[in-house]
Amino acid sequence: MKNRIMSFGALLVLLLALSPASPAGEQHPQIRAALNALQNARAHLQAASHDYQGHRADAIRAVDEAIHQLQICMQFED
């Protein structure tokens with residue numbers, strides 16, 4: 001399950017990287033979009049009523065780590 005979540009996260013970031021750019025001048029528009037998507041996914045996971053034998057908690061931790069890594073990326077200039 002954890003591999004599926006990580007694969008989903010990687011796919012999400014790839015799709016967002018290939019999406020059209022955001023407004024001119026915005027730093028890291030794809031990373032910002034990925035952050036927004038991951039934060040939305042985290043909220044949905046937190047609100048889920050089922051634990052899925054601990055996999056929901058693992059997924060939340062994986063999303064938190066992905067968010068953390070993208071926040072680090074936001075600190076770099078283009």
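User: How do you know what the overall architecture of the protein chain is?

Analyst: The model is predicted. Three helices and zero strands are found in the protein chain, and their order along the sequence gives the pattern α-α-α. Of the 78 residues, 21% are buried. The accessible surface is about 5600 Å², with 58% of that belonging to carbon and sulfur atoms.

User: What makes the span of helix 3 close to the expected one?

Analyst: Helix 3 covers residues 55-73, which is 19 residues. At 1.5 Å a residue, 27 Å is expected, and the distance from the first C-alpha to the last is 27 Å.

User: Which residues of helix 3 are buried, and how do you know where they lie around the axis?

Analyst: The buried residues in helix 3 are Ala59, Ile60, Ala62, Val63, Ile67 and Leu70. They lie on the same side of helix 3 because they cover an arc of only 165° around its axis. As a general point, residues three or four places apart in an α-helix point the same way, because there are 3.6 residues a turn.

User: Why is isoleucine 60 called buried?

Analyst: The term buried requires a relative accessible area under 20%. Isoleucine 60 has 11%, so it is buried. This helix 3 residue touches Arg42, Leu45 and Gln46, leaving out residues up to four places away in sequence.

User: Why is glutamine 71 called partly exposed?

Analyst: Partly exposed covers the range between the 20% limit for buried and the 50% limit for exposed. Glutamine 71, with a relative accessible area of 39%, therefore counts as partly exposed. Glutamine 71 lies in helix 3, and its C-alpha is 7.8 Å from that of leucine 35, a residue 36 positions away in sequence.

User: What makes up the largest nonpolar core?

Analyst: Seven residues form this core: Ala34, Leu35, Leu38, Val63, Ile67, Leu70 and Met74. Helix 2 (29-47) and helix 3 are the elements giving two or more residues to it. Leucine 70 is in contact with Ile31, Ala34, Leu35 and Leu38, apart from its neighbours within four places in sequence. In soluble globular proteins, nonpolar side chains tend to be buried together.

User: Why is the pairing of arginine 42 with aspartate 64 called a salt bridge?

Analyst: The cut-off is 4 Å between a side-chain nitrogen and a carboxyl oxygen. The closest N and O atoms of arginine 42 and aspartate 64 are 2.3 Å apart, which meets the cut-off, so the pair is a salt bridge. Because arginine 42 lies in helix 2 and aspartate 64 in helix 3, the pair ties together parts 22 residues apart in sequence. Arginine 42 is partly exposed at 26% relative accessibility, and aspartate 64 is partly exposed at 29%.

User: How many salt bridges are found in the whole structure, and which side chains meet at 2.5 Å?

Analyst: The search finds two salt bridges. The side chains of aspartate 58 and arginine 61 meet at 2.5 Å, N to O. These two residues are three apart in helix 3, so about one helical turn separates them. Aspartate 58 counts as partly exposed because its relative accessibility is 24%.

Note on methods:
Residues are numbered from 1 along each chain as its sequence is written. This is a predicted model: local features need pLDDT of at least 70, side-chain atom pairs count only at pLDDT 80 or more; totals for chains, interfaces and linings use all residues. Side-chain values use heavy atoms; hydrogens and water are left out. Helices (H or I, at least four residues) and strands (E, at least two) are DSSP runs, numbered from the N terminus. The expected span of a helix is 1.5 Å times one less than its number of residues. Buried means under 20% relative accessible area, exposed over 50%, partly exposed in between (1.4 Å probe, protein chains only). The arc is that of the directions from the helix axis to the C-beta atoms. Accessible areas come from the Shrake-Rupley method with a 1.4 Å probe; for residues, only the protein chains shown count as cover. A nonpolar core is a set of buried Ala, Val, Leu, Ile, Met, Phe, Trp, Tyr and Cys residues joined through side-chain atoms within 4.5 Å. Contact means heavy atoms within 4.5 Å.
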